[in-house]
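Here is a short briefing to read alongside the sequence and the model. Please keep both open as you go through the points.

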Amino acid sequence: MGNTKKTSLNIIIVGCGKVGVALVEQLIREGHDITVIDSDSQRIQEITSTYDIMGMAGNGASYSVQMEAGIEDCDLLIAVTGSDELNLLCCTVAKRVGDCAAIARVRNPDYSKESGYLREKLGLALIINPDLEAAKEAARILSLPTALNVDSFAHGLAELISFTIPEDNMLNGMSLIELSSKVPSDILICAVERGEEVHIPSGNFILRSGDNVSFTATRATARKFLKQVGFVVNQAKSVMIIGGGKTAYYLAKQLLNSGVAVKIIESDRARCEELSILLPKAVIINGDGTNEDLLHEEGIANMGGFVPLTGIDEENIVLTLFANRVSKAKVITKIDRITFKKVISSLNLGSVMYPHYITSEAIIAYVRAKKDSMGSNIETLNHMFDQRVEAIEFRVDERCAVTDIPLKNLELKKELLIACINRKGAIIIPSGQDCIKVGDTVIIVTAHTGFNDIENILR
């Protein structure tokens, strides 16, 4: 293969639920050939009439169905049905029959503990657990309640943090050049959402109240900077979670490990008993988490964080609006459906989490890396501002057109910033004098989509 670039991949997706559809949308946009398999023939009909893809009704783990779907010429099989076992079986069959990579969505905590072992023994490219990933994202946000969003890069050494500028904040009306002289700190503001528009700002850009601002920094520097510009940066000390499903379990576990007091309200008595054994340090309440009196009784007014994780989007949204009215808690809203995004963003919910996007981003990052990039590879990929901006972390494996040249001398595309360089664990917020070197990982923030190689940043 060497330096030949394969531009489009043959991909089979088994399971046409929310994640399946999110993947189809994104992978088509990136120019891949897609076949979907689902046992529900009506769903197959709907998805194939909406998108230009092939579809097959049948059992995705069946050898003959996979053969008919073209597994022998397939580069990648992605199994995202509702059943962990079926997903693992689909991948196992695919690995035996085709010379393809395989990715499984696995949600059960028992398998998740063993994901490394399963991946190695079954030869899978990735095992993704959306509930665990959503919980990690929620825990990151609760550790910095001022933030709308916290994404981590460079194995957690660097963070990309978004926050909203309040009316009375010192940043209102300040240009970025002014900011760097008034608040000297090692951060880089790399994207600003204002109303419908997203800007990749230059030094003379002027910040306004209401702007959603994203910046990169190390964790310690990020906190110092936010404090300097007038935000509270303490971690939430107590968190109330509504609903006791898998995400709630993973989130509670992480919060308890970092010393946060956790209270879970769950309506199913048997699940409450399970949770009290799994999470002995948490307070588990058996009751209806959508009952106002119960929420007041359990102390919602004094909570540092509030995370509604019911299976119903509308309930999560109403609970968020209620919590915002009666408490000062940091609230995170989990939303499973992709529709009504404009309405949802106009409700001012604060931090909103879409678990199926978390899953699809990890898969898209893998797919782009698999396109056989020349001298670099994608480590992580995050979308920001409703998929309009991408933050991509590239690993630079060999010398190429961007290495060893001061950044100020590179002919970079417009609407693009080099946000951060990780050099053997040292985080560099780059200036024009810095260079990219072989072995670095480099974080790019851009309004362009579809980058799969570090050289894509050049004009």
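**Cysteines and other highlights**

Cysteine 16 counts as buried, at 4% relative accessibility (buried means under 20% relative accessible area, exposed over 50%, and partly exposed in between, with a 1.4 Å probe and protein chains only). Please note that this is a predicted model, in which local features need pLDDT of at least 70 and side-chain atom pairs count only at pLDDT 80 or more, while totals for chains, interfaces and linings use all residues. Residues are numbered from 1 along each chain as its sequence is written, and side-chain values use heavy atoms, with hydrogens and water left out.

**Cysteines**

- The structure holds zero disulfides, a disulfide being a pair of cysteine sulfur atoms within 2.5 Å.
- As a reminder, a disulfide is a covalent bond between the sulfur atoms of two cysteines.

**The five-stranded open sheet**

- Which order do the five strands of the open sheet follow? They run β7-β8-β11-β9-β10, with antiparallel pairing; strands (E, at least two residues) and helices (H or I, at least four) are DSSP runs numbered from the N terminus, and two strands pair if DSSP finds at least two bridges between them.
- At the edges sit β7 and β10 (197–199), each of which pairs on one side only.
- Direction ignored, neighbouring strands of this sheet are turned by 15° against each other on average (axes are lines fitted to C-alpha atoms, for helices over the stretch in contact, and angles run from 0 to 180 degrees between N-to-C directions).
- Within the sheet, β8 and β11 (residues 212–218) run antiparallel and are joined by seven bridges; alanine 158 stands opposite threonine 218 in β11.
- Helix α9 (residues 219–228) lies across β8 and β11, at about 135° to β11; contact here means heavy atoms within 4.5 Å.

**A parallel pair and its crossover**

- Strands β13 (residues 261–266) and β14 (residues 283–286) run parallel and share four bridges.
- Lysine 263 has valine 283 as its bridge partner in β14.
- From β13 the chain passes through helix α11 (residues 269–278) to β14, a right-handed β-α-β crossover; right-handed means that, with the strands pointing away from the viewer, the path from the first strand over the helix to the second runs clockwise.

**Positive phi outside glycine**

- Histidine 155 is not a glycine, yet has a positive phi of about 50°.
- You will find histidine 155 in the loop between β7 (149–153) and β8 (158–164), exposed at a relative accessible area of 75%.
- Aspartate 404, also not a glycine, has a positive phi of about 60°.
- Aspartate 404 belongs to the loop between β19 (389–396) and β20 (416–423) and is partly exposed, at 37% relative accessibility.

- Is helix α15 largely enclosed or open? Of its 16 residues, 13 are buried, so α15 is largely enclosed by the rest of the structure.
- Lysine 342 lies in helix α14 (residues 341–346) and is exposed, at 63% relative accessibility.
- Lysine 342 and aspartate 386 are 44 residues apart in sequence and 9.7 Å apart in space, C-alpha to C-alpha.
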